[in-house]
Amino acid sequence: MDKTRQLRLAKDAMDRDWADPELDLDAAAAHAGYSRYHFLRAFRAAYGETPGQYLTHRRIERAEEMLRGADLTVTEICHLVGFSSLGTFSARFKARTGLTPSEYRVKHVGGGASLIPGCYAMLWAGGFPTGPRSATLKKRAGDAPAYGDEQEATAPDRRAEP
């Protein structure tokens, strides 16, 4: 496999998995089949920025979209785009756009359509948190009937009898 194809595989993984907070230099380098240090040098030579800078730019772009279109808090957006620290997110956002996330929202939202409700935006982004403090959905085991199906399965046949 040639070197540019290997780098493209890693860049594609960053474009696809940008919201994954576990996507770091080691994970991206693994997609390319490089050591982290060789990947860092090769990526910067090919694309003019480090993998971390590239991933941060992708995440900030997605955050800009969410700030303009979704009724979510800045903290929710921070976590949905893959940042684990609100302070880091805000600092990187301001360095990239010149505005804090809240200032950006005030400047870019207002005269257009209503914001998408936060619950829909989070569902679309796959961002409902899981853990000990949140509700989680559990899959039905095997072929168990869905809610309401058990009544249909045991209900007698109500067709007219001759």
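Predicted model: local features only at pLDDT ≥ 70, side-chain atom pairs only at ≥ 80, totals over all residues.
**Exercise 1. The surface and the fold**

*Solution.* The chain exposes about 11,200 Å². Carbon and sulfur atoms supply 53% of that area. The chain has 162 residues, and 29% of them count as buried. Next, read the secondary structure: there are nine helices and two strands. Along the sequence, their pattern is α-α-α-α-β-α-α-α-β-α-α. Last, check the contacts between residues at least 6 apart in sequence: 57% of these join residues at least 24 apart.

**Exercise 2. The largest nonpolar core**

Find the residues that touch the most other members of the largest nonpolar core.

*Solution.* This core holds 30 residues. Those touching the most other members are Met14, Phe39, Ile77, Val81, Phe89 and Phe93. Then ask which elements give two or more residues: they are helices H1, H2, H3, H4, H5 and H6. H4 gives the largest share, six residues. Finally, look at Phe93.

**Exercise 3. Tyr54**

*Solution.* The cut-off for buried is under 20%. Now list its contacts, leaving aside neighbours within four places in sequence: Lys11, Met14, Asp15, Phe43 and Glu49. Take Phe43 from that list. Tyr54 and Phe43 are 11 residues apart in sequence, and their C-alpha atoms are 9.7 Å apart.

Key. Residues numbered from 1 in each chain as written. Heavy atoms only, no water. Core = buried A, V, L, I, M, F, W, Y, C linked by side-chain atoms within 4.5 Å. Buried < 20%, exposed > 50% of the residue type's maximum accessible area, 1.4 Å probe, protein only. Helix = DSSP H or I, 4+ residues; strand = E, 2+ residues; numbered from the N terminus. Contact = heavy atoms within 4.5 Å. Areas by Shrake-Rupley, 256 points an atom, 1.4 Å probe, with all protein chains shown as cover.
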